[in-house]
Each structure stands twice: as structure tokens, then as C-alpha cells.
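Good morning, and thank you for coming. Please take a moment to look at the sequence and the structure before we discuss some of the contacts between side chains.

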Amino acid sequence: MRIRKYRDEDAAAIARLHRGTVLHVNKNDYSKRAIRAWLKRTTAANIRASAAKRNRFVAIQQEKVVGVAGITDNEIRGMYVHKDHQREGIGSKLLKRIEQEAQKNSVKTLHVKSSPYAVPFYKKHSYKKLKTCTEPRFGLTCFKMQKRLK
Ligand SMILES: CC(C)(COP(=O)(O)OP(=O)(O)OC[C@H]1O[C@@H](n2cnc3c(N)ncnc32)[C@H](O)[C@@H]1OP(=O)(O)O)[C@@H](O)C(=O)NCCC(=O)NCCS
């Protein structure tokens with residue numbers, strides 16, 4: 001598995017991955033209505049449109065996108081691993097790449113609004129849980145977490 005920079009031709013695969021992961025992995029943490037509203041926005045066109053403001057990376061395995069993560073300023077955005085490849089170390093590799101990118105840009109503290117599901121993952125990587133939050137567009141519960149980079 002390798003990590004490389006996002007390309008626009010990845011957008012359709014990322015949209016499929018996102019939908020599959022939310023429907024299978026995150027489904028117990030949110031209402032059906034919130035998930036429906038959220039996934040309506042998950043299109044290849046929207047992923048391409050947000051590329052300019054997000055430094056995004058993909059994990060590639062056998063020429064398929066199996067993970068995605070991005071960073072905007074000092075915040076981790078859109079970290080998703082394919083539903084069929086959970087707990088294979090892909091998220092950790094993406095996170096390491098994001099942290100390297102942050103350090104390159106002199107970010108001192110990296111922030112994330114974690115999904116409820118991902119809290120143990122970020123904790124494992126030394127992120128501290130600060131407080132609960134609500135994602136404004138769809139009312140999804142999240143947890144503000146942060147890590148001071150060395
Ligand atoms: C959170 C997520 C990105 C983690 O990716 P991953 O590739 O499965 O994570 P890794 O395999 O690198 O996990 C590394 C370690 O984190 C911890 N961890 C990861 N997921 C965990 C879970 N569900 N419960 C408890 N610990 C977990 C474990 O210590 C794990 O090591 P181990 O498997 O040897 O025990 C992935 O589960 C995911 O896509 N979740 C759904 C989408 C989501 O909520 N994204 C976050 C948005 S902020």
C-alpha cells in the first residue's frame with residue numbers, strides 16, 4: 001500500500017468509498033436522516049470542488065483507493081478508510097503523512113473534529129479529547145481533539 005497526493009481522477013472512487021464507509025462503519029452514531037443529508041453531498045463533483053482548499057492524500061492498494069485524508073491549515077479533514085479495509089493500518093499511514101505535511105508547514109498543534117467512531121483511533125495516536133461539538137451542516141456529533149506536534 002502506498003500514499004500519494006490526490007488527483008481529480010480519484011474523486012469518483014473517493015465518493016464511493018465515503019458512502020460505503022459511512023453506511024457500514026459510522027451508521028450507528030448518527031440518525032438515518034442526518035446520514036441521508038450528508039451522503040447527498042458526497043459526489044465526485046463536490047470532492048473535486050473542495051480539492052483547492054484541502055491538501056488531500058489517498059492510500060492506494062492494488063491500484064484501488066482504500067483510504068483518503070486531508071488537511072486544511074491546522075485541521076485534519078475527511079479521513080476515511082474503505083469499509084473492507086478497516087484495522088489494516090491504513091488510517092495510521094494516512095495520519096502519519098498528514099502530520100508530516102503539517103510539520104512541513106510549521107503547524108504546531110494539529111486539530112480534528114473526530115467522529116464518535118474514530119475517537120479511539122486518534123487517542124491511540126496521542127490526540128487529546130477536548131470537548132463535544134456539532135457539525136453545523138448536518139448536526140452530526142463530533143469531538144474536538146488535538147495533538148501538539150514535535
Ligand atoms: C478511524 C479510521 C480512519 C481508522 O482507520 P484504520 O485504518 O481502521 O485504523 P488503523 O488500522 O490504522 O488503527 C490503528 C489503531 O487505532 C486504534 N483503533 C482504530 N480503530 C479503532 C476502533 N474502532 N476501536 C478501537 N481502537 C481503534 C487501534 O489501536 C488500532 O490498532 P490495532 O488495530 O493494532 O488495534 C477508520 O476506522 C474509518 O474510516 N472510520 C470511519 C470514518 C471515520 O469515522 N473517520 C473519521 C472522521 S474524523
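Let us begin with a question: what is the relative accessible area of Lys113? The value is 43%, and Lys113 is therefore described as partly exposed. Please keep in mind throughout that this is a predicted model.

Lys113 takes part in a salt bridge with Glu75, with a nitrogen-to-oxygen distance of 3.3 Å. Glu75 belongs to strand S4, residues 75-81, while Lys113 belongs to strand S5, residues 109-114, so this pair ties together parts that are 38 residues apart in sequence. Glu75 itself is buried, as its relative accessible area is 17%, and the cut-off for that word is under 20%.

Let us turn to helix H4. This helix covers residues 90-104, and within it Arg97 and Glu101 are four residues apart, which means a separation of about one helical turn. These two residues form a salt bridge, in which the closest N and O atoms are 3.0 Å apart. How do the two partners compare with the cut-offs for accessibility? Glu101 counts as buried because its relative accessibility is 5%, whereas Arg97, at 24%, counts as partly exposed.

A further salt bridge involves Glu99, whose side chain meets that of Lys147 at 3.1 Å, N to O. Lys147 lies in strand S7, residues 140-148, and Glu99 in helix H4, so here the parts tied together are 48 residues apart in sequence. Lys147 is buried at 16% relative accessibility, and Glu99 is buried too, at 13%.

In general, a disulfide is a covalent bond between the sulfur atoms of two cysteines. How many does a search of the whole structure find? The search finds one, and it joins Cys133 to Cys142, with an S to S distance of 2.3 Å. Cys133 counts as buried at 11% relative accessibility, and Cys142 counts as buried at 5%.

Finally, let us consider the surface. Lys32, Arg33, Arg36 and Lys40 form a positive surface patch. One of these residues, Lys40, lies in helix H2, which comprises residues 32-40. Is Lys40 buried or exposed? Its relative accessibility is 71%, so Lys40 counts as exposed.

Thank you for your attention.

Technical notes
Residues numbered from 1 in each chain as written. Predicted model: local features only at pLDDT ≥ 70, side-chain atom pairs only at ≥ 80, totals over all residues. Heavy atoms only, no water. Disulfide = S-S within 2.5 Å. Buried < 20%, exposed > 50% of the residue type's maximum accessible area, 1.4 Å probe, protein only. Patch = residues over 30% accessible without salt bridge, like charges linked within 9 Å, V, L, I, M, F, W, Y side chains within 5 Å. Areas by Shrake-Rupley, 256 points an atom, 1.4 Å probe, with all protein chains shown as cover. Salt bridge = Lys/Arg side-chain N within 4 Å of Asp/Glu carboxyl O. Lys, Arg positive; Asp, Glu negative; His and termini not counted. Charge placed at Lys NZ, Arg CZ, Asp CG, Glu CD. Helix = DSSP H or I, 4+ residues; strand = E, 2+ residues; numbered from the N terminus.
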